[in-house]
Amino acid sequence: MNIHEYQAKDLLLRYGVRVPTGKVAFSAEGAEQIAKDLSCEKFMVKAQIHAGGRGKGGGVKLAATPGEVRQIASEMLGMRLITHQTGPEGKIVKKVLVEEASNIEKEMYLGVVIDRTREKIVLMASSEGGVEIEEIARNHPEKILRECIDPSVGLQPFNCRKIAYFLGLNGKTVNKAVSFISGLYKAFTENDGSLAEMNPLIVTREGEVLALDAKLNFDDNALYRHPEIEKLHDPAEENPMELEAKKWGISYVKLNGNIGCLVNGAGLAMATMDIVKYHGAEPANFLDVGGGASAEQVTQAFKMILSDPNVKAIFVNIFGGIMKCDTIATGIITAAKEVGIGVPLVVRLEGTNVELGRKMLGESGLNITTGADMREAASKAVAAAQGR
Amino acid sequence: MSILVNKNTRVVVQGITGSAGFFHATQCRDYGTNVVGGVTPGKGGTEIDGFPVFNTVLEAVKEKNANTSLIFVPAPFVMDAIIEAVDAGVKLVICITEGVPTLDMVKVKKYLEGKRVRLIGPNCPGVMTPGEAKVGIMPGYIHLPGRIGIISRSGTLTYEAVWQLTNLGIGQSTCVGIGGDPVVGSTFIDILKLFEKDNGTDAVVLIGEIGGSAEEEAAEFIKKNLSKPVVAFIAGATAPKGKRMGHAGAIISGSSGTAADKKTALENAGVKVCPSPAEIGETLKSVLN
């Protein structure tokens with residue numbers, strides 16, 4: 001789960017991690033008031049959306065007076081912000097963070113990741129701040145320090161000092177960096193973080209170590225033990241269909257093609273998208289109804305696929321293990337009755353209770369094309385979508 | 001021959017009184033697996049459909065010589081269940097449960113260091129040696145005893161691959177689902193090592209997916225250490241960046257973890273990579289000839 005920058009900064013502050021003083025605003029007037037209360041020389045106004053690259057899209061601006069903050073906020077709120085991470089449709093800005101502008105002496109990068117190969121938490125640091133870490137890794141791998149943390153003892157002060165010296169810090173700034181890094185690590189581990197990025201991490205002219213930007217992601221699987229983090233979820237940042245699917249226990253990701261896919265299991269669902277593409281068409285979605293889906297879930301999945309106006313054919317690919325083929329058949333028949341299926345439907349069923357499932361579909365009177373295997377079903381679905 | 005599970009496997013099911021645990025304990029037993037009992041704290045001394053229930057894994061080990069644990073307990077209790085099984089002395093722990101927090105697995109992996117026990121999963125279909133033992137949730141009838149090893153990060157896609165092989169009359173030595181999470185008990189490399197040593201395995205099918213770099217690491221290992229032919233399929237060539245595709249581990253982050261990179265790495269290691277998921281069986285057949 002992703003949260004907004006202002007939420008990440010609020011959380012980090014509670015762990016003693018320094019961030020610029022500021023507050024979130026939902027209106028231009030609110031933004032002006034926050035600026036007045038801040039009583040500082042310059043202000044930053046930052047659009048709050050779940051995507052990086054906001055600066056280049058016009059979502060991060062400097063203001064000299066509270067009046068200017070108001071002006072910028074009024075332009076930003078409601079604008080469609082397009083960055084390299086939002087996709088071409090962009091995201092509507094609904095809130096802005098107003099904070100004290102810092103006097104930047106030095107820009108750096110600090111990240112926390114769970115390294116899948118080492119199977120440990122790894123802190124990543126670089127003296128190159130403000131650029132994407134992937135870019136530094138490609139062009140200047142020697143400028144990245146990867147500090148691996150032993151889970152049995154956790155982060156030690158020496159790990160933090162190593163990072164601070166690697167970043168070229170000295171004097172009192174080292175201690176400030178040590179306290180910053182320990183706080184960040186604590187916030188990460190206590191809340192089951194999956195990714196943290198401070199980019200840039202800065203040293204100010206006054207010698208303070210601050211997170212100028214802060215990105216925090218959390219492990220969805222661990223949210224059950226962090227209800228206060230779950231509350232930070234902003235549904236407006238998600239595709240409404242994907243959100244609806246989640247409520248039903250279905251994994252759904254919207255794509256841009258015209259063949260709706262309904263599959264059980266994530267691996268097979270990806271493979272089904274791949275085979276559609278292999279046969280010359282594009283999938284309209286990723287959809288995994290899960291291992292033990294009920295007929296209601298299957299019906300719901302159909303409704304979601306059909307609500308996408310791009311869908312010209314539906315490809316059902318089921319390999320019943322725990323899931324029984326007659327359950328799928330019941331779901332399909334119910335969906336057809338409740339919403340009507342106005343596009344060609346190609347079904348490939350295999351696995352537990354397959355004979356019963358096929359019989360039910362055969363006797364349903366529905367116009368269903370069957371595929372004996374994945375290849376045949378895929379090529380029939382592609383032909384149907386192309387009107388052949 | 002086979003790897004991990006066989007006729008001598010004695011399974012204890014952790015979470016046997018839950019609906020999934022009970023259903024699959026029964027299914028495993030019906031297949032012929034020696035399921036010696038189950039564990040549900042507080043229900044020790046009772047019986048469920050002929051399975052004796054114990055309060056602790058240790059009791060099941062002492063009284064029934066259980067050597068393998070199959071875990072179905074809910075995700076919040078998985079770390080505890082795995083460590084209990086290891087502590088009780090079983091040699092193989094297979095965890096089916098999905099949704100386990102990643103940082104729990106980081107701790108578990110650290111705990112397992114240096115111990116003579118193997119963990120498979122979590123979030124996996126389990127391990128199957130056709131004709132000998134089914135220790136997991138896969139449908140039994142799609143398998144055929146034979147000499148092909150299968151390793152996969154996915155569940156139903158593994159069934160698809162197995163089914164294609166079986167329909168071509170090609171049997172399997174052992175099928176291992178290693179799970180779709182970012183941190184798992186055993187990696188592709190761990191299982192490849194076992195298949196390389198196994199006299200009953202002639203070739204291996206490896207089914208990977210987008211996310212992480214496990215396939216690239218496997219490719220490196222195959223290049224240096226594997227004498228047996230390997231056929232692979234990587235799911236997710238059409239997946240968009242930054243979107244989690246069902247499995248917690250199946251996500252392309254930044255420019256890493258793409259299907260194209262994995263395919264290239266495997267091909268460079270001499271692995272035949274199937275262009276379509278419908279061609280796994282035929283591709284394997286072609287390398288056997």
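Modeller: Two strands pair if DSSP finds at least two bridges between them; strands (E, at least two residues) and helices (H or I, at least four) are DSSP runs, numbered from the N terminus. In this predicted model, strand 16 and strand 17 of chain A run parallel and are joined by 7 bridges. Within that pairing, A:Val316 stands opposite A:Val347 of strand 17.

Biologist: How many residues of strand 17 of chain A are buried?

Modeller: Buried means under 20% relative accessible area (1.4 Å probe, protein chains only). In strand 17 of chain A, 7 of the 7 residues are buried.

Biologist: How much area do chain A and chain B bury between them?

Modeller: Buried area is the accessible area (1.4 Å probe) that two parts lose on being put together, summed over both. Here chain A and chain B bury about 4,100 Å², 60% of it on carbon and sulfur atoms. On the side of chain A, A:Arg116, A:Glu119 and A:Phe319 lose the most area to chain B, together 18% of what that side buries.

Biologist: How many salt bridges are counted between chain A and chain B?

Modeller: A salt bridge places a side-chain nitrogen of Lys or Arg within 4 Å of a carboxyl oxygen of Asp or Glu. The count between the two chains is 9. One of the salt bridges links A:Arg348 with B:Glu160, their closest N and O atoms being 2.7 Å apart.

Modeller: Residues are numbered from 1 along each chain as written, and chains are lettered from A and ligands numbered from 1 in written order. Local features need pLDDT of at least 70, side-chain atom pairs count only at pLDDT 80 or more, and totals for chains, interfaces and linings use all residues, while side-chain values use heavy atoms, leaving out hydrogens and water.

Terms used:
Buried < 20%, exposed > 50% of the residue type's maximum accessible area, 1.4 Å probe, protein only.
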